[in-house]
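Please keep the sequence and the structure in view while reading.

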Amino acid sequence: MSNFEYIISSLPWLTVDFKYADGQGFGHVIDEINDNLGEKDCAVLDFLLKGFQPDQLNPDFYAQALGHPVKFIREYFRFDLNLRNAKVRFLNQELGRDAELDVVTGKGGPDDEDLDIDLYRFKAGEFEEAAKVETALASGDLLSREKELDDICWAKISALETFHYFDITAVLAYVAKLCIVNRWLALDEKTGRELFHQLVREVRGTFKGVEFQDK
C-alpha cells in the first residue's frame with residue numbers, strides 16, 4: 001500500500017543548494033520513494049524512469065506508454081513523443097535531409113502493424129505546444145535552447161499534475177521534474193540548483209501544512 005502523504009511531505013529532503021549527502025544521489029531519492037510505494041505504483045514509477053533513458057525510446061516503448069492505464073504516463077509521453085519528433089524534424093531541416101527521416105510515427109515496418117501511435121495521438125489531440133517548441137528550437141546557443149525546451153516540459157508536467165496532491169500522479173510529476181533538474185546539474189550546475197529551488201517552492205506551496213526548510 002502506497003503511503004502518499006509521507007512521500008509527498010518528505011520529497012524535498014535534498015538541500016536547496018542541491019548538495020547530496022555523502023553516499024546519496026538521484027538513485028537514493030528514488031529508492032526512498034519506492035520504499036513507500038506499493039508494488040503496483042513502483043511498477044508505474046519504473047516505467048516513467050524508463051522513459052528518461054534514451055536507449056529505451058523506441059516505437060515499442062511509446063506504444064506501451066500511449067496505452068498505459070495511468071493518465072499521467074499516457075499524456076506525458078504523448079507530449080514527449082511530439083517533442084522529440086519536433087527536434088528530429090528541426091535537425092533534419094538544418095542538415096538538408098528529408099524532414100520525416102528518423103521520426104517515430106508508430107507505423108513502423110511491415111512487422112509492426114499493431115503499433116498505433118499516430119492514431120492514438122491524433123484522437124487525443126494535436127501537439128498544443130508545437131509553436132512554443134518551434135520558437136525554442138530557433139533559439140541561438142545550445143544551452144538557451146535546451147533551457148527553453150525544458151521550461152516547456154516543466155510547464156507540461158505542472159499542467160498534468162493540476163488537482164493531484166497525495167497520489168501517484170503527484171509522485172510521478174515530482175520525479176519527472178527531478179529528472180530535468182538532474183540533467184541540468186550535469187549540463188550547468190547553477191541552472192540545476194535554480195530549478196531544484198523552484199521545485200521545492202512548488203511542492204511547499206502546493207502541500208499546505210507541510211513545513212520545508214528554505215536556505
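A residue is called buried under 20% relative accessible area, exposed over 50%, and partly exposed in between, with a 1.4 Å probe and protein chains only. By this rule Asp60, with a relative accessible area of 46%, is partly exposed, whereas His68, at 12% relative accessibility, counts as buried.

The model is predicted: local features need pLDDT of at least 70, side-chain atom pairs count only at pLDDT 80 or more, and totals for chains, interfaces and linings use all residues. Residues are numbered from 1 along each chain as its sequence is written, and side-chain values use heavy atoms, with hydrogens and water left out.

**The chain as a whole**

The protein chain has ten helices and zero strands; helices (H or I, at least four residues) and strands (E, at least two) are DSSP runs, numbered from the N terminus. Of its 215 residues, 45% count as buried. The protein chain exposes about 11,700 Å², and carbon and sulfur atoms supply 50% of this area, as computed by the Shrake-Rupley method with a 1.4 Å probe. Contact means heavy atoms within 4.5 Å. Among contacts between residues at least 6 apart in sequence, 62% join residues at least 24 apart.

**Two residues**

| Residue | Place | Relative accessible area |

The side chain of His68 reaches the backbone nitrogen of Val70 at 3.0 Å. Leaving aside residues up to four places away in sequence, His68 touches Val44, Phe47, Ile73 and Arg74.

**A pair of helices**

Two packed helices are described by the angle between their axes and the distance between the axes. The axes of helix 8 (residues 142-160) and helix 9 (residues 168-187) come within 9 Å and cross at roughly 170 degrees. Helix 8 is therefore roughly antiparallel to helix 9, a term for angles over 145 degrees. The residues in contact include Leu143, Trp154 and Ile157 of helix 8 and Ala173, Ile180 and Trp184 of helix 9. By class, this contact has eleven nonpolar, two polar and five charged residues. Ala, Val, Leu, Ile, Met, Phe, Trp, Tyr, Cys and Pro count as nonpolar, Asp, Glu, Lys and Arg as charged, and the others, Gly among them, as polar.

Conventions
A polar contact is a pair of N or O atoms within 3.5 Å; within protein, one must be able to donate a hydrogen and the other to accept it, and residues adjacent in sequence count only if both atoms are side-chain atoms. Axes are lines fitted to C-alpha atoms, for helices over the stretch in contact, and angles run from 0 to 180 degrees between N-to-C directions. Angles under 35 degrees count as roughly parallel, over 145 as roughly antiparallel, 65 to 115 as roughly perpendicular and the rest as oblique.
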